[in-house]
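Visitor: Could you take me through this structure? I would like to begin with how the terms are set.

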Amino acid sequence: MVKDLYEDNATNSWKNGETVETSYICGYCGHEVSSNRGMALQKEQGGIGYSIKPYGVYICTHCHMPTFIYKDIQVVMSV
């Protein structure tokens, strides 16, 4: 898994709301979904955060459960 998101990129920060849309197979319900809702892991530059890649916590549009996506890693979150 990711050792430390901030070690990987010290400008990473979190934003609630919209994320860069991505498709994935939900680890809870098994449906292939496309979502842009959740918490985006974004870069911060000059006090402004921006998201250019689909990294963060995504909410499944079918079962509404969270999944963390970063680079080639997908982790089902326990709630």
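Guide: Buried means under 20% relative accessible area, exposed means over 50%, and partly exposed lies in between (1.4 Å probe, protein chains only). This is a predicted model, in which local features need pLDDT of at least 70 and side-chain atom pairs count only at pLDDT 80 or more, while totals for chains, interfaces and linings use all residues. Residues are numbered from 1 along each chain as its sequence is written, and side-chain values use heavy atoms, with hydrogens and water left out.

Visitor: Is T19 buried or exposed?

Guide: T19 is buried, with a relative accessible area of 8%. T19 belongs to strand 1, residues 12–25. Helices (H or I, at least four residues) and strands (E, at least two) are DSSP runs, numbered from the N terminus.

Visitor: Which residues does T19 touch?

Guide: Not counting residues up to four places away in sequence, T19 touches S35, N36, R37, G38, M39, A40, V57 and Y58. Contact here means heavy atoms within 4.5 Å.

Visitor: And S23, where is that found?

Guide: S23 is also found in strand 1. With a relative accessibility of 49%, S23 counts as partly exposed. Residues up to four places away in sequence aside, S23 touches V33 and S34. Between S23 and N36 the C-alpha to C-alpha distance is 9.1 Å, and they are 13 residues apart in sequence.

Visitor: Changing topic: which residues make up the largest nonpolar core?

Guide: That core has 6 residues in all: Y24, C26, V33, Y58, C60 and I69. A nonpolar core is a set of buried Ala, Val, Leu, Ile, Met, Phe, Trp, Tyr and Cys residues joined through side-chain atoms within 4.5 Å.

Visitor: What is C60 in contact with?

Guide: Leaving aside neighbours within four places in sequence, C60 is in contact with Y24, C26, C29, V33 and M65.

Visitor: Now Y58. What is its place in the strand pairing?

Guide: Y58, in strand 4, is the bridge partner of G38. Strand 2 (residues 32–45) and strand 4 (residues 56–59) pair in the antiparallel sense over 3 bridges; two strands pair if DSSP finds at least two bridges between them. Y58 also stands opposite T67 in strand 5. Strand 4 and strand 5 (residues 66–70) are antiparallel too, over 4 bridges. In their hairpin, with 6 residues between the strands, H64 takes a positive phi near 65°.

Visitor: How many residues of strand 5 are buried?

Guide: The count is 5 of the 5 residues, so strand 5 is largely enclosed by the rest of the structure. P66, F68 and Y70 point one way from strand 5, whereas T67 and I69 point the other way.

Visitor: What follows strand 5 in the pairing?

Guide: Strand 5 pairs with strand 6 (residues 73–76) in the antiparallel sense over 4 bridges, and I69 stands opposite Q74 in strand 6. These two strands form a hairpin with 2 residues between them, and K71 in the turn has a positive phi of about 50°.

Visitor: Finally, how many helices and strands are there overall?

Guide: The protein has 1 helix and 6 strands, running α-β-β-β-β-β-β from the N terminus on. Buried residues make up 32% of its 79 residues. Among contacts between residues at least 6 apart in sequence, 47% join residues at least 24 apart.
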